[in-house]
Amino acid sequence: MYEPIPGKRIFNALLDQDCIVLACNPRIIPGVAKGIFNAAKELDAPLIMELARTECNQHIGYTGLRPSTLASRLYEVNEEVGHDIWALHADHIGIKTGLPDDMADAKELVQEQMDSGFTSFAIDASHLFDFDGATVAEELAPNIKATIDIANYITDGMSGKEYGLEVEVGEIGRTGDGGMILTSPEEATTFISALRDAGIDPQLIAIANGSTHGNVFDADGNPIQQVSIDIERTKAVAGALREAGLGVRIAQHGITGTPLGLIAEQFPHGDILKGNVATLYQNIVLDALKEHHPDLWQEIWDWTLTNKPMEGRPDIEVFGKNVKHALKPFFDMIYEMSEACEAQIERESYKATEAHILAFKSAGKAELVRQAL
Ligand SMILES: [Zn+2]
């Protein structure tokens with residue numbers, strides 16, 4: 001009844017509508033998923049639900065979930081809520097080597113995702129980069145090849161059904177004195193044009209533009225806000241894609257920690273068409289666990305510092321960056337949380353989602369998608 005719709009329908013309907021579609025990561029489902037779906041429904045905002053390959057795969061990722069479990073749990077929650085404009089998205093289908101075993105494993109993952117009803121996919125072969133390439137096209141050739149291979153696999157598997165497609169450059173690329181070199185407009189247009197030439201039709205591209213995944217800390221390990229996204233470069237890349245007549249816009253990863261005022265006032269809505277918010281929801285769950293289940297929270301804290309240490313870094317930073325790895329060993333205990341704990345998570349997730357939808361200017365935009373269906 002409230003099954004996910006093809007991501008392509010959402011992204012194409014909202015192309016140049018000056019809004020950002022909120023993509024949420026329900027890494028821990030209880031309370032989180034319901035709060036998110038309810039807020040999106042209440043504000044009539046389009047919604048993406050997504051987990052990455054590392055988090056959720058056919059071998060069970062670090063969230064303790066596999067694609068079929070994630071999908072069925074989300075359907076169950078949304079059957080109750082009833083939000084109609086949403087897509088189930090496979091975030092970061094990361095291709096690390098591009099070798100036959102890696103590609104075969106990625107296809108096995110994609111197969112389970114398709115079988116489970118996923119309607120949108122992000123192929124991330126950005127790790128494949130030819131440093132010896134003489135031109136941008138040559139540098140990107142291994143990424144292009146792997147992306148085409150997986151995209152064709154999805155197209156075949158979906159047998160005529162539409163789906164959303166996000167592709168990625170820049171996770172690993174050239175680094176300079178100041179760290180990673182940001183994706184250039186030429187890199188983005190070269191990449192997308194090559195995919196188009198091969199009959200692949202992405203709606204979104206993730207680029208290197210200064211964001212980081214996860215919580216952000218300063219040199220001393222104090223949690224800080226993220227203000228590092230290079231807005232001018234982001235606009236330049238989107239502008240080049242627009243000028244080239246490519247109906248592709250930017251997927252902004254790693255938004256957690258970015259001040260909402262900055263998003264509302266300075267983010268280029270429309271140039272950025274999809275915005276991923278992940279760690280924020282994990283933080284909400286951990287705060288609630290600390291309050292309602294302090295012993296469990298302490299066990300998770302101790303486990304993280306013991307099993308995922310970071311040489312010379314303060315405990316709070318180690319926890320903030322690595323607690324995600326505790327989700328699988330503590331899966332059963334976390335999912336057995338009290339009703340009061342779950343209710344708090346739901347309230348906080350609702351509030352956070354509402355605030356992001358407003359900052360993303362996507363309230364009311366579900367109607368545009370509905371009309372285009
Ligand atoms: Zn990401």
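Reply: Strand β3, helix α4 (residues 100-115) and strand β4 make a right-handed β-α-β unit. Right-handed has a set meaning here: with the strands pointing away from the viewer, the path from the first strand over the helix to the second runs clockwise. Helices (H or I, at least four residues) and strands (E, at least two) are DSSP runs, numbered from the N terminus.

A word on the source. This is a predicted model, where local features need pLDDT of at least 70, side-chain atom pairs count only at pLDDT 80 or more, and totals for chains, interfaces and linings use all residues. Residues are numbered from 1 along each chain as its sequence is written.

Now the pairing. β3 pairs with β4 (residues 120-124) in the parallel sense, over 4 bridges. Two strands pair if DSSP finds at least two bridges between them. Ile93 stands opposite Ile123 in β4.

β3 has another partner. Strand β2 (residues 47-52) also runs parallel to β3, paired over 6 bridges. Met49 has Leu88 of β3 as its bridge partner. From β2 the chain passes through helix α3 (residues 67-81) to reach β3, and this β-α-β crossover is right-handed.

How enclosed is β3 (residues 86-94)? It is largely enclosed by the rest of the structure, because 9 of its 9 residues are buried. A residue is buried if 20 or more other C-beta atoms lie within 10 Å of its own, exposed if 12 or fewer, and partly exposed in between, with C-beta atoms placed from the backbone.
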